[in-house]
Amino acid sequence: MFTWKPIYRELAETLMGYSNRQHELLAMIKAMQQQNLPVISLKDQSASGAEIDLAAIDPFTFFTNFNRGTTEDSRRKMLAFLKERFGLSSPVPSDFHGIPVTMMLKSWFFPYSKEQDRRDIPALWDLASACLVHPPDQLNADLFKRCLDVKQVGAPKLTMGLFWLNPDSYLALDSVMVDYLESKGIQVMPSKVASLFDYTAIVEKVRSKVGTDYPQISWDAYLDTNRVPATTEELDAGLQSVLRQMAERNHVSIEQVAAYVALQPEKEGGENEVTNRLNIMPEVRDILSDSPINLEALRKVSAKLWVLANGQDATRRNAFFKSGPAADTIAALLDEASGLEEMERIDTFITTAAENGYTDPKGRDASGAAQFASVLMSAKYPDHYVDFRGNRWNKLFALVLNTKKQLCTGSSYAWKIIRAGKLASALAITPTFKKYFGSEHGAWKVAGLAWRFKDGIFDMEGPMKRYWAGGFLRGGTERKLDEFLAGNYWQHWYSKEHPKGAQVWELFDQIKPGDELAIKGYGGRNDLIVHYVGEVREVKSNEGMVTLNKLDRKLFHGQAPKHGGKGTWFGTLLEVADPDAVQKVFFGKAPVGATLETFPLNLILYGPPGTGKTYQSTHKAVQIIDGRDDSLTPAQLQHRFDELVDEGRISFITFHQSYAYEDFIEGIRPVLSKDKEDGLPKYECRDGLFKKMAIEAMYAALEQPETSSKESEFDARWTELLDRITENPEKEYEGLTEKTRFKLAVSSQGNVTATNLMNPQAGPFNCSRVNLKKVFFAYADRKEVATREVNETLGVGNHSGLAAVLFRELQSIEFSKGQKSGTGRAAVSYEERKQIVLDSLEQLETSGEIRRQDTPLRAGCR
């Protein structure tokens with residue numbers, strides 16, 4: 001470790017002989033530039049503002065070439081070049097641990113010539129020479145002050161330069177170090193460091209409280225950036241306090257506060273800071289998943305995000321999109337496999353974007369590029385990053401922890417983005433957050449909260465909208481749905497004296513105009529059907545009736561979510577309070593990864609031969625059916641595609657010149673008579689591929705949810721397993737060996753992620769529903785499986801130890817095998833399935849509900 005120290009020291013001492021040969025140093029930088037190394041800018045500005053070549057340089061600025069947001073590989077190449085050019089004996093370093101780096105845009109230690117004092121650069125040379133032979137307390141105080149006052153320097157930057165040249169004697173006061181020292185009880189405000197006395201006082205405190213090994217301290221400070229400066233318990237208690245203060249100030253319950261913050265519209269169109277992200281971020285993520293990235297689609301979708309709504313910022317972003325490097329720059333930012341640290345990737349993106357239009361006319365403001373980088377990272381990796389604006393996150397941090405400390409400080413945007421993401425991820429897993437805001441899309445929701453609470457505890461304006469769901473069966477048998485739909489109203493039928501009416505009336509009396517009500521039918525845990533969504537216009541209390549204004553919403557049909565309010569889905573009336581449930585039930589929003597939101601109804605892949613259209617189409621077909629699972633390799637996706645083709649759920653066709661309507665939809669085809677004596681052809685109507693798929697899809701929709709006992713058993717166990725993991729996130733699960741013990745979580749795609757507590761640096765690991773189902777089907781009669789058996793089932797490349805643990809937990813869940821199962825598909829011919837579909841279509845009711853087929857199967861055709 002710290003293999004950089006010898007060559008840094010030797011190079012610093014060598015540079016001292018070049019104070020009068022600065023043109024040679026500039027020539028070396030230009031030579032490195034010609035080798036495509038990312039050196040500093042060599043363009044200056046004259047007093048008239050004209051662009052001129054840089055004519056002078058100081059040692060600190062020279063060192064900046066390999067101490068800014070570039071890759072370690074580039075830094076090594078530059079040092080190898082300088083080693084050869086200067087004839088240095090020290091080896092090129094294998095690490096750069098503990099070295100603070102400057103921003104890419106503001107690398108010089110002096111301003112443009114038009115703003116420069118002619119004494120600036122000579123003073124920097126004098127200070128560099130002095131720091132190599134003197135400790136801080138023996139420096140010339142006036143010289144230190146002179147350099148500190150150079151425009152574009154300041155205490156953080158100047159002390160970084162001193163650290164580069166003499167790390168054993170000088171402490172850098174960069175933002176990472178300042179935050180670390182604060183955690184050690186040493187308060188440092190770089191803006192208040194106005195003299196050598198101020199600096200040496202800080203150094204002395206560090207020497208007495210932390211130590212004198214400044215490279216090690218700097219490295220420890222960097223490692224500390226991976227820690228949120230608060231425990232889960234502190235964050236949980238703080239969030240609960242904030243919600244309680246909101247509830248007390250507005251005289252409402254905490255549940256109502258959560259619903260207001262997460263759902264109450266702020267603008268026309270029904271969105272707010274939270275829902276805007278939930279609606280738009282999945283679109284951004286899907287665009288970023290394509291290769292190459294569709295910049296025009298990304299430009300249009302980005303404009304829908306409130307966080308990027310600033311007009312001036314949009315103009316700069318559009319200029320960047322039109323630049324040549326835009327697509328490659330975005331791809332490099334999101335490439336976790338590149339081997340670059342996240343800070344390097346983010347810094348490089350910000351610099352490149354700013355150099356290609358994403359900045360102000362003077363090229364100094366990179367805040368917009370930084371914010372866009374955070375949006376892209378948040379969309380691609382929603383569990384680790386959030387969209388960023390420093391003051392918002394500082395305010396949320398201060399509000400939750402009741403502190404004057406700041407989370408995001410200093411000049412490094414990359415560091416601030418990472419810190420904000422860590423706070424959001426930590427808040428999203430607290431019990432209080434999951435209780436009131438749900439576990440899906442946690443970081444996106446926290447980002448919305450950061451904006452909602454930008455002014456602290458606030459007054460909840462306007463009427464508090466609440467959400468209700470009511471049934472349509474009177475007395476358990478009399479259907480009132482048609483009347484409700486036709487009359488735009490809903491009514492319950494209990495008198496106040498009815499023994500079962502107390503809870504219904506208790507809930508009904510809380511409904512008020514402006515609330516929303518969904519008319520629902522519930523036929524089992526996988527069968528919640530919303531028939532109507534309306535806004536309450538009038539409440540007729542004596543009649544138990546509300547009149548409604550119908551809302552044009554997508555109607556939900558699927559597994560009933562946890563509603564978070566009083567009542568049950570089987571009941572006559574319930575409140576839907578959970579924000580995730582409201583999004584699904586009242587807005588028809590499927591979870592991220594589900595077909596409704598993630599994939600368009602029609603998708604055209606175009607391009608010349610050999611560009612991967614067939615390859616992409618097979619993978620997208622799997623994702624449409626199974627949902628997006630980023631843990632699957634291309635080989636596993638292809639294997640799953642072949643399985644789905646065998647199951648009849650995917651058909652792959654190629655349109656060619658002889659492919660006719662009759663092949664695709666239906667047509668008359670000749671068949672030979674079975675009567676050998678006759679020998680005459682006969683004609684019959686045959687269904688084409690597309691019509692067959694439509695028939696099969698409708699039959700599947702008519703089947704009971706549990707098409708086989710094995711399927712239903714797995715589904716029940718899987719759902720219970722996810723519920724248990726969500727309800728007890730701190731539980732530890734023993735692995736199969738002494739080296740594994742897991743903590744589990746449910747991902748936004750509905751899969752299981754795990755951290756090995758015995759080796760937290762490895763992972764995280766993932767296990768999808770699809771993979772665990774394969775193991776379950778292979779060993780359903782077993783209680784446990786070995787990793788070897790998992791590998792035999794899934795193939796190498798999956799985390800077999802995690803899958804084995806999940807299988808064990810799955811099999812420990814009690815399950816009643818007495819459930820009814822639907823009619824198996826294999827026992828029913830295609831013609832029989834077709835007849836059932838045709839009969840059911842005839843039984844369509846006014847509401848649009850398809851009556852399930854309970855009659856015996858009948859053969860026949862029409």
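Student: Which hand describes the crossing in which α2 passes α4?

Tutor: A crossing is right-handed if the near helix is turned clockwise from the far one by less than a right angle, and left-handed if anticlockwise. Here α2 crosses α4 in the right-handed sense. This is a predicted model, in which local features need pLDDT of at least 70 and side-chain atom pairs count only at pLDDT 80 or more, while totals for chains, interfaces and linings use all residues. Residues are numbered from 1 along each chain as its sequence is written, and side-chain values use heavy atoms, with hydrogens and water left out.

Student: At what angle do the axes of α2 and α4 cross?

Tutor: Axes are lines fitted to C-alpha atoms, for helices over the stretch in contact, with angles from 0 to 180 degrees between N-to-C directions. The axes of α2 and α4 cross at roughly 135 degrees and come within 11 Å of each other. The two helices, α2 and α4, are therefore oblique to each other; angles under 35 degrees count as roughly parallel, over 145 as roughly antiparallel, 65 to 115 as roughly perpendicular and the rest as oblique.

Student: Which residues of α2 and α4 make the contact?

Tutor: Contact means heavy atoms within 4.5 Å. From α2 come Leu25, Met28, Ala31 and Met32, and these meet Met78, Phe81, Leu82, Arg85 and Phe86 of α4. The residues of this contact of α2 with α4 comprise 8 nonpolar, no polar and 1 charged (Ala, Val, Leu, Ile, Met, Phe, Trp, Tyr, Cys and Pro are nonpolar, Asp, Glu, Lys and Arg charged, and the others, Gly among them, polar).

Student: Which residues of helix α1 are buried?

Tutor: Buried means under 20% relative accessible area, exposed over 50%, and partly exposed in between (1.4 Å probe, protein chains only). In α1 (residues 5-15), the buried residues are Ile7, Tyr8, Glu10, Leu11, Ala12 and Leu15. Their cover includes α2 (22-34), α3 (59-64), α4 (72-86), α5 (120-131) and α7 (154-165). For the protein chain of 862 residues, 49% count as buried.

Student: How do α17 and α20 pack?

Tutor: For α17 and α20 (residues 413-428), the axes lie 8 Å apart at an angle of about 125 degrees. These helices, α17 and α20, are therefore oblique to each other, and their crossing is right-handed. Glu342, Met343, Ile346, Asp347 and Ile350 of α17 meet Tyr413, Ala414, Trp415, Ile417 and Ile418 of α20. In this contact of α17 with α20, the residues divide into 8 nonpolar, no polar and 2 charged.

Student: Where is Thr359 found, and is Thr359 buried or exposed?

Tutor: Helices (H or I, at least four residues) and strands (E, at least two) are DSSP runs, numbered from the N terminus. Thr359 lies in the loop between α17 (342-355) and α18 (367-380). Thr359 counts as buried because its relative accessibility is 12%. With neighbours within four places in sequence left aside, Thr359 contacts Arg316, Ala354, Arg364, Asp365 and Ala366.

Student: Why is Lys692 classed as partly exposed?

Tutor: The relative accessible area of Lys692 is 40%, so this residue is partly exposed. Lys692 belongs to helix α30 (residues 689-702). Residues up to four places away in sequence aside, Lys692 touches Asp687 and Tyr830. Lys692 and Tyr830 are 138 residues apart in sequence and 8.6 Å apart in space, C-alpha to C-alpha.

Student: In what sense does β8 run relative to β9?

Tutor: Two strands pair if DSSP finds at least two bridges between them. Strand β8 (residues 528-540) and β9 run antiparallel and are joined by 6 bridges, with Lys550 in β9 as the bridge partner of Gly534. The hairpin of β8 and β9 has 4 residues between the strands, and in this hairpin Gly544 takes a positive phi near 65 degrees. Strand β9 (residues 545-550) also pairs with β6 (residues 489-491), in the antiparallel sense over 3 bridges; there, Trp490 has Val546 of β9 as its bridge partner.

Student: What is the strand order in the open sheet of 4 strands?

Tutor: In a regular strand the side chains alternate between the two faces of the sheet. The order in this open sheet is β14-β15-β16-β17, with antiparallel pairing. Its edge strands, each pairing on one side only, are β14 (732-734) and β17 (765-767). The average twist from one strand to the next is 35 degrees. Within the sheet, β15 (residues 741-746) and β16 (residues 752-756) run antiparallel, joined by 5 bridges, and the partner of Val746 in β16 is Val752.
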